[in-house]
Amino acid sequence: MRRKATTSPRDRAGWPEAERRVAGKLGASRSACTLAAFAIAFATGAILSSAPAAAQSDEGVTVTHGLFLFGGLQYGPDFKNFDYANPDAPKGGAVVLSANGSTFDSLNPYIVKGTPALGLGFMQQSLTTDSLMVQNDGEPSSEYGLIAESVAVPKDKSWAEFTLRANARWADGTPITPADAIFSFDILKAKGLPLYRNYYRNVTKAEQTGPRKVRFAFSEKGNNELPFIIGELPVLSKAYWSGHAFDETTTTPPLSNGAYKISKVDIGRSITYERDPNYWGKDLPVNKGRFNIATVRYDYYRDQSVALEAFKAGKVDFRSELSAKNWATEYDLTAVRDGRIIKQLTHPANGDNFQGFLYNIRKPVFKDAKVREALGYAFDFEWANKNIFYNQYARTRSYFEGTELESKGLPTPAELKLLEPFRAELDPRVFTKEFNPPKTEATDASLRANLRTAVALLNEAGWTIKDGKLVPKQGGAQFAFQILTADAASERVVAPFVNNLKLLGIDASFRMVDDSQYIARVQNFDFDMIIAVLAQSLSPGNEQRDFWGADAADRPGSQNYIGIKSKVVDALAEAVIFAPDREALITATHALDRVLQWGFYTIPELHGLGARIAYWDKFGRPATLPKHADPSSTPWPYLQNWWIDPAKARALGGQGASAAP
């Protein structure tokens, strides 16, 4: 299960902007979500609620208003609103956000073709499209009914049946039906982004089982996540799309069913959403006190320095700052000092996404783990943090950084039960040493010591330096590879790394391509090395197959960018997916983390010390903020619980991107 984004990232700020922009197309995670026009973390998982609201039938079928993975639901069936929403919040006003991408040319976010506008989202990040269920950003791994009023699941979890709300409506007033849900599943799996085919691959059939009921059958039993996964299904209009080509880009707003409708489109420049006063779900407990701002507009800026100046000038209301340099040097403003602009470092309780240099081990030069380990000694994080990033980052070491899922110390007895059967195939250090990436003192002397270690490892792997070039001992071409990116800004991080690699005799290079070429090449594994974020969640599950599984290694569009084919990794991923309880999940994830770390499939890079936000002081906020909402992937999910405070807006005296309501 992935709650993150979108997207869109936990450090977020260290990830080149263009990579964030294309993350959704590559299937990155939700928050994080990702992450970007799409959120980087969207996969999730759950088992059935055992809360008092869940009714158990004689056939062992549980009917409930919500799903959760472990523990219990925070809210019962009669809850009034999420505690991070203010049901008395005033409605109205407008917000202008900057879209940190070059352009958009489509209003269909679900297909490969085109670049969709921000705000359309997918899964549960959309302003315009509701899903069967909706996540609660105040608790991990839970969903509550949105279009669906309840869900029924048998004890063996072989299917899930959703009962749609009788009052669920499209924007034109027509009912949302089981036929729409079935159509949505079928069309996304057949013609949607490649990630949908993998995401729903264990969902084999959708059928109508009653006037308002739709049942989804699963290919395997006991998979706790599958009901949750299908709960995220965005529901699209069968009637509308039957008359339009789903797999083509469009600039005509599709029929919506969400809180907002598209009101104005200026292709490549801006998109405006207006809250629908007739929105069918506005009084549901999951929506009460949310979606308070009447107008949401995204303005597009090709140049990020221009976008920053637009914010300073009051043409943009809210900014997620992705640049450490900007955060350190560009906010010494009168408006910050006098409180008209609020500058904050927030700390979403989602852990820190893994970010690093990913090897493509399909390439012969990266087959040997000893070679991959050696190259890690050429990346000097400490120097980069001091000289480039104003000491605003920490070094990433785990694929589940900053959570209880992160492996530390030595394996526990429970972990050893999972690892021992594979001892002969694993690096011995899995059992004897905590993994930590190489470090320096940000000095030339400490870097030279690391490079000497790298040379020794390369020598053990059959390479030697001859005439300044690293070549095979038995003769052959110089060791050479290219780092592929979609953003010139990443050069300041990559260039010092490349220079250090050259000291090892490696012909390393850096190449920037445009978004579309980058997407195509990464989806087809046509690269040597990339910089990427692998957004994990607090409850990992089925997406682990797509990250690391042998079946995904040769499947274009999967997230196994590295090309891992390991029966050990596969077995541990399955242990994560089928963990019967939270303790078993933590154990399996620790074991998987250790094997990945000591496999040297990546060079861990960095993560931030919080999400950086700045905004004009025109907003009201609930007393309780959702601890799992992440403003760095895209601001809207964070702002959807805020409102425009008329008094504050008037006090700005016309400053900020919009006048007081």
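Colleague: Why is E574 called partly exposed?

Modeller: E574 has a relative accessible area of 29%. Buried means under 20%, exposed means over 50%, and partly exposed is what falls in between (1.4 Å probe, protein chains only). The value of 29% sits in that middle range, so E574 is partly exposed.

Before we go on, this is a predicted model: local features need pLDDT of at least 70, side-chain atom pairs count only at pLDDT 80 or more, and totals for chains, interfaces and linings use all residues. Residues are numbered from 1 along each chain as its sequence is written, and side-chain values use heavy atoms, with hydrogens and water left out.

Colleague: What makes R545 and E574 a salt bridge?

Modeller: Side chains of opposite charge can pair when their charged atoms come close. The cut-off is a side-chain nitrogen of Lys or Arg within 4 Å of a carboxyl oxygen of Asp or Glu. For R545 and E574, the closest N and O atoms are 2.7 Å apart, so the pair passes. R545 sits in helix α16 (residues 543-548) and E574 in helix α18 (residues 567-577), so two parts 29 residues apart are linked. Helices here are DSSP runs of H or I with at least four residues, strands are runs of E with at least two, and both are numbered from the N terminus. R545 itself is buried, at 11%. E220 joins R545 and E574 in a network of salt bridges.

Colleague: How many salt bridges does the whole structure have?

Modeller: The search finds 28. One of them pairs D299 with R297 at 2.9 Å; D299 is buried at 12%, while R297 is partly exposed at 31%. Another brings D526 and R521 together at 3.5 Å, N to O. There, D526 is partly exposed at 39% and R521 is buried at 14%.

Colleague: What about rings? Why is the F82 and Y144 pair called edge-to-face?

Modeller: The structure holds 42 aromatic pairs, and in this one the ring centres are 5.9 Å apart with the planes at 70°. Rings of Phe, Tyr and Trp (its six-membered ring) pair if their centres lie within 6.5 Å; planes under 30 degrees apart are stacked, over 60 edge-to-face, and the rest tilted. F82 lies in the loop between β4 (66-68) and β5 (94-99), and Y144 in strand β7 (residues 142-145), so the pair ties together parts 62 residues apart in sequence. Both F82 and Y144 are buried.

Colleague: Which geometry do Y279 and W280 have?

Modeller: Edge-to-face, with 5.9 Å centre to centre and 70° between the planes. Y279 is buried at 5%, and W280 counts as buried at 11%.

Colleague: How do you know that K343 lies over the face of W327?

Modeller: A charge sits over a ring if NZ of Lys or CZ of Arg is within 6 Å of the ring centre and within 35 degrees of the ring normal. K343 is at 4.5 Å from the ring centre of W327 and is listed as lying over its face. R362 lies over the face of F525 in that way too, at 3.7 Å from the ring centre.

Colleague: What makes β17 largely enclosed?

Modeller: Six of the six residues of strand β17 (residues 354-359) are buried, so β17 is largely enclosed by the rest of the structure.

Colleague: Which strand runs parallel to β21?

Modeller: Strand β22 (residues 507-512), joined to β21 (residues 480-485) by six bridges. Q482 stands opposite S509 in β22.

Colleague: And overall, how much of the protein is buried?

Modeller: Buried residues make up 64% of the 661 residues.

Conventions:
Pairing = 2+ DSSP bridges.
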